[in-house]
Amino acid sequence: MADKPPEDSYISVVDDEPVFFELLKWDSTQSQKQPEPRSLEKAKSPEKSVPKPRDESDPFDLSDAAFVESYRLSKDLARNLCEELKPVMPESTKSIEFSVESKVLAALSFYATGKYQKSIGGKTDPSITQYFVSTAVSQVTEAMNDPTIVKKYIHFPHLRSEREVIKNGFYMKYGIPNVVGCVDCMHVPIARPDDDQKKHFNKSYHSKKVQIICDSLMNILSVDAKPGGSLSHDAILNQHAVKIDLQSLNHARELCWLIGGPHYFQKSYLMTPVPKITKKSPLSPEKYYTNMHAQAHSTVIETIKQLKSRWKCLQATCNKQFDPSTVSMMIVACCVLHNICNSHGLPVVQMNPTEERLEAMKQRVANASVPRKHNEDAGGLQARSTLIERLWNERRVAPESCSNAKKRMSKKDRIVEPIPPQQHLHAMPPQHQTLHEEPKRPRILMNNPYGIGVAVPPPWPHYPQH
């Protein structure tokens with residue numbers, strides 16, 4: 001048998017395995033291994049673990065102007081509102097609970113736009129869904145209608161001192177005494193109700209007819225959001241508790257009046273305009289009273305306009321998917337927020353021309369026509385006649401007429417006769433240029449600025465003698 005060759009030059013196919021078979025064996029063992037279960041949490045790299053900037057998710061990091069534009073409240077007022085609503089916020093039964101701040105801001109955004117916004121300050125937030133916004137709106141609206149919240153911000157003056165403050169405000173601004181508020185109604189659309197369809201249907205659509213009473217500073221003193229759209233202005237006021245309070249005060253010889261529009265009947269506690277008085281009517285005590293009445297009544301009209309322009313969920317294009325009870329609570333919540341904004345002097349968002357025309361048309365077609373036959377009681381007519389006589393005797397000249405006359409006179413006084421080109425003013429000293437104007441009052445004219453009360457003829461022959 002031959003000798004075994006050296007190991008470095010011999011390869012045995014039985015005892016030793018080549019590298020090729022070792023690779024095959026390694027591949028078979030790796031394929032038979034069980035795959036390790038993957039964790040649900042993905043490992044974060046150092047680059048991805050950097051927190052995102054808060055301005056994409058935290059609304060309070062917006063600028064003050066952007067925050068007010070989005071939510072109508074300032075940051076401090078929004079935080080205070082969240083603290084006030086925490087004790088009265090209804091408990092949620094959902095598995096995922098959001099903070100009170102998130103719910104309040106979502107509701108404020110819906111009130112301001114009338115839409116289910118999915119963004120914060122113009123930046124999309126994936127955590128905001130339509131379901132979350134609808135849930136937040138219902139919970140915040142219910143909390144805003146808590147009696148402790150409503151009575152804090154909306155209350156009719158029950159103390160004599162409170163009534164005197166409101167009376168003085170109307171008298172100093174409009175010149176009408178004993179006025180404790182202006183009253184009018186507005187329509188807010190609703191979805192077609194299952195019950196009481198005839199009660200909520202006006203001549204055009206289903207709505208809630210809301211009665212608003214405000215003071216001279218456009219603060220809402222009383223709101224009644226329960227009546228349906230088919231009721232008249234006078235019927236809503238007759239069912240309200242304010243009527244009983246005013247009647248009792250007038251019987252106690254404390255004169256307290258409301259200023260109402262032509263849709264109301266004249267009462268002893270309600271002052272309405274004199275019928276058949278137009279702009280072309282000659283000046284008379286009745287015409288003078290009607291003009292002052294219209295100026296005072298414009299306060300509640302402007303209040304309703306600001307309420308709907310600031311909170312667009314009350315406009316004619318919204319709320320068609322909500323039932324009557326939800327819309328009533330939303331109206332009260334918006335009135336509370338209106339008083340909060342008005343008391344802190346926040347800017348009013350103006351309606352664009354399209355919204356303003358649409359609102360005017362919707363209100364006009366929803367309201368009934370002005371009644372031709374006025375069923376007015378004798379006590380109310382006597383009270384209005386006494387007020388007309390008092391205002392006529394105490395009438396005062398409107399400051400605008402005086403200012404206009406003064407402006408016209410001043411323009412007339414400033415007229416200067418033109419001077420021919422060859423006689424230019426550069427040849428005259430400044431003290432003589434003022435002599436071309438007509439003096440407003442008699443005074444001594446001094447041609448010589450260095451003399452003492454001695455009139456010296458001017459050295460220029462073309463200068464006019466006075």
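Which residue takes a positive phi in the hairpin of strand 4 and strand 5? I found methionine 218, with phi near 65°, and five residues lie between the strands.

**Ground rules.** I am working on a predicted model, where local features need pLDDT of at least 70, side-chain atom pairs count only at pLDDT 80 or more, and totals for chains, interfaces and linings use all residues. Residues are numbered from 1 along each chain as its sequence is written, and side-chain values use heavy atoms, with hydrogens and water left out.

**Overview.** I listed 16 helices and seven strands. These are DSSP runs numbered from the N terminus: helices are H or I with at least four residues, strands are E with at least two. Of the 466 residues, 40% count as buried. Buried means under 20% relative accessible area, exposed over 50%, partly exposed in between (1.4 Å probe, protein chains only).

**Strand 4.** I looked at residues 207-214 next. Eight of the eight residues in strand 4 are buried. One side carries Ser207, Lys209, Gln211 and Ile213; the other carries Lys208, Val210, Ile212 and Cys214. I then checked the pairing, which requires at least two DSSP bridges between two strands. Strand 3 runs antiparallel to strand 4, with eight bridges joining them. Cysteine 182 has cysteine 214 of strand 4 as its bridge partner. Strand 5 (residues 220-224) also pairs with strand 4 in the antiparallel sense, over four bridges. There, isoleucine 212 stands opposite valine 223.

**Helix 13.** I compared its span with expectation. The expected span is 1.5 Å times one less than the number of residues. For the 14 residues of helix 13 (353-366) that gives 20 Å, and the end C-alpha atoms are 20 Å apart, so the two agree. Its buried residues are Glu355, Glu359, Lys362, Gln363 and Ala366. They sit on the same side of helix 13 because they cover an arc of only 95° around the axis. That arc is taken from the directions from the helix axis to the C-beta atoms. Pro353, Thr354, Arg357 and Arg364 are exposed on the other side. Cover over the buried residues includes strand 3 (179-189) and helix 11 (285-310).

**Core.** I then turned to the largest nonpolar core, which has 92 residues. Such a core is a set of buried Ala, Val, Leu, Ile, Met, Phe, Trp, Tyr and Cys residues joined through side-chain atoms within 4.5 Å. Leu108, Tyr111 and Ile331 touch the most other members. Helix 12 (residues 324-343) gives the largest share, eleven residues. I listed contacts (heavy atoms within 4.5 Å) for tyrosine 111. Beyond four places in sequence, its partners include Val137, Trp311, Met330 and Leu337.
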